[in-house]
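Subject: Structure handover

Hello,

Here is the structure for your files. My notes follow below it.

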Amino acid sequence: MRGIIMHGKGDVRFEERPDPRVEQPTDAVIKIIAACVCGSDLWPYRGYDQPDHQKMGHEYVGQVESVGDDVTTVSPGDYVVGSFVISDNTCEICEAGYQSRCVNAVFVDGEIGTQAEYARIPHADGTLVALPGKPDDDLVPSLLAASDVLGTGWFAADAAGAGPGKTVAVVGDGAVGLMGILAAKQMGAEKIIAMSRHEPRQQLAREFGATDIVAERGAEGVAKIKELTDGLGAHATIEAVGTQESMMQAVRSTRPGGSIGYVGVSHDVELPGGELFFGLVHLHGGPAPVRRYLPELIDLIWNRTIEPGKVFNMELPLAEAARGYEAMDNREAIKVLLRP
Ligand SMILES: [Zn+2]
């Protein structure tokens, strides 16, 4: 089969890879129907992480080809969506709802790589969720979003305590930030403030449920958030970037007693103790336990209550993935769907 390998900074290639096969009785092999480029793929692409023949891709909608003897919840022919982290969904950490740190967790990115024609999914029962049937073609982008960006935005909104009567601020206008807006809206938030300087993304933010846009950043951005919240700050803040600047934007935009759901992959973030202490905010975040939310998200997509797939604004054949990375790197594309 063929798949995407990142050889080094900015060096993305479509090449031959060994055909995956069932190795453990708990494995499934799936044929990938749709994959995509993630904002987090840009970290190695830009050389922040040192990519060395890295198998790329961790979001996927697939069809099961074969399963090991112990797999009971999915069968060959089933259409499936899975999380970007492999989980057994039975250990104590999974039981508590934190499948992304399962004791048997494996990150799909790097270890498996779903920007490929096929993939071996370990712990298939604990990782994959079967769809009710063959998805209509127009549902595929939304189902693909559930695999990571929607699930991650959903976790961020949940961790931040978004809900009825709450004001939610969203730092970051990438796909995850936009999905956080959708999630906050679905959870009943009263006011959703999107921090974005990019007109097309502001527009999408409004479509997903943002009620206010703040284009300013830093101290000016904080001042604007305060203006919109009677001087108090947001109840709930979603941080979806992962830099020092974005974390501090989130901390300073949140009212005392409020919460921050942070899901931007943290890069060199150092939190000042004093400010955190007197900020009196809750911090909860990390790699999102997408598997916890998948059944509910699949339902909402299947019955067409939400359409997170609108976040994809470019589609390419898998063989042309390099163009997709480039388009996301220069912010021409919000998110790129890849079809094998
Ligand atoms: Zn587990």
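In what order do the six strands of the open sheet with parallel pairing run? The order is β13-β12-β11-β14-β15-β16. The edge strands are β13 and β16 (282–285), and each of them pairs on one side only. From one strand to the next, the twist averages 20°.

Some ground rules before the rest. This is a predicted model, where local features need pLDDT of at least 70, side-chain atom pairs count only at pLDDT 80 or more, and totals for chains, interfaces and linings use all residues. Residue numbers start from 1 along each chain as its sequence is written. Helices (H or I, at least four residues) and strands (E, at least two) are DSSP runs, numbered from the N terminus. Two strands pair if DSSP finds at least two bridges between them.

Strand β11
β11 (residues 167–171) pairs with β12 in the parallel sense, over five bridges. Two of the partners in β12: A169 is bridged to I193, and V171 is bridged to M195. Five of the five residues of β11 are buried, so the strand is largely enclosed by the rest of the structure. Both faces are covered: T167, A169 and V171 are buried on one side, V168 and V170 on the other. The cut-offs: buried means 20 or more other C-beta atoms within 10 Å of the residue's own, exposed means 12 or fewer, and partly exposed is in between; C-beta atoms are placed from the backbone.

In α8 (residues 199–208), the buried residues are R201, L204, A205 and F208. They cover an arc of only 105° around the axis, which puts them on the same side of α8. The arc is that of the directions from the helix axis to the C-beta atoms. Their cover includes α7 (175–186), β12 (191–195) and β13 (212–214). After α8 comes G209, with a positive phi near 130°.

In α9 (residues 218–227), the buried residues are G221, V222, K224 and I225. Seen down the axis of α9, they fall within an arc of 160°, so they line one face of the helix. A219, E220 and E227 are exposed on the other side of α9. The buried residues of α9 pack against β11, β12, β13, β14 (234–239) and α10 (244–253).

A helix pair
Two packed helices are described by the angle between their axes and the distance between the axes. α6 (residues 149–159) and α12 (residues 290–302) pack at an angle of about 105°, with their axes 9 Å apart. They are therefore roughly perpendicular to each other. That label covers angles of 65 to 115 degrees; under 35 counts as roughly parallel, over 145 as roughly antiparallel, and the rest as oblique. Axes are lines fitted to C-alpha atoms, for helices over the stretch in contact, and angles run from 0 to 180 degrees between N-to-C directions. From α6, the contact is made by L150, G151, T152, W154 and F155. From α12, V290, Y293, L294 and L297 take part. Contact here means C-beta atoms, placed from the backbone, within 7 Å.

The three-stranded sheet
There is also an open sheet of three strands, in the order β2-β1-β4, with antiparallel pairing. β2 (11–16) and β4 (54–55) stand at the edges with a single partner strand each, so one side of each has no neighbour in the sheet. β1 (residues 2–8) and β2 pair in the antiparallel sense over six bridges. I5 stands opposite R13 in β2.

Positive phi outside glycine
R304 has a positive phi near 60°. R304 is found in the loop between α12 and β17 (314–317). With 11 C-beta neighbours inside 10 Å, R304 counts as exposed. R331 also has a positive phi, near 60°. R331 lies in the loop between α13 (321–329) and β18 (336–339). R331 is partly exposed, with 13 other C-beta atoms within 10 Å.

The annotation
In an unreviewed entry, UniProt places "domain: Enoyl reductase (ER)" at residues 10–338. UniProt positions follow the numbering used here, feature names are shortened, and annotations may be inferred rather than shown by experiment. That span is 32% helix and 24% strand, and its end C-alpha atoms lie 18 Å apart.

Best wishes

Technical notes
Contact = placed C-beta atoms within 7 Å.
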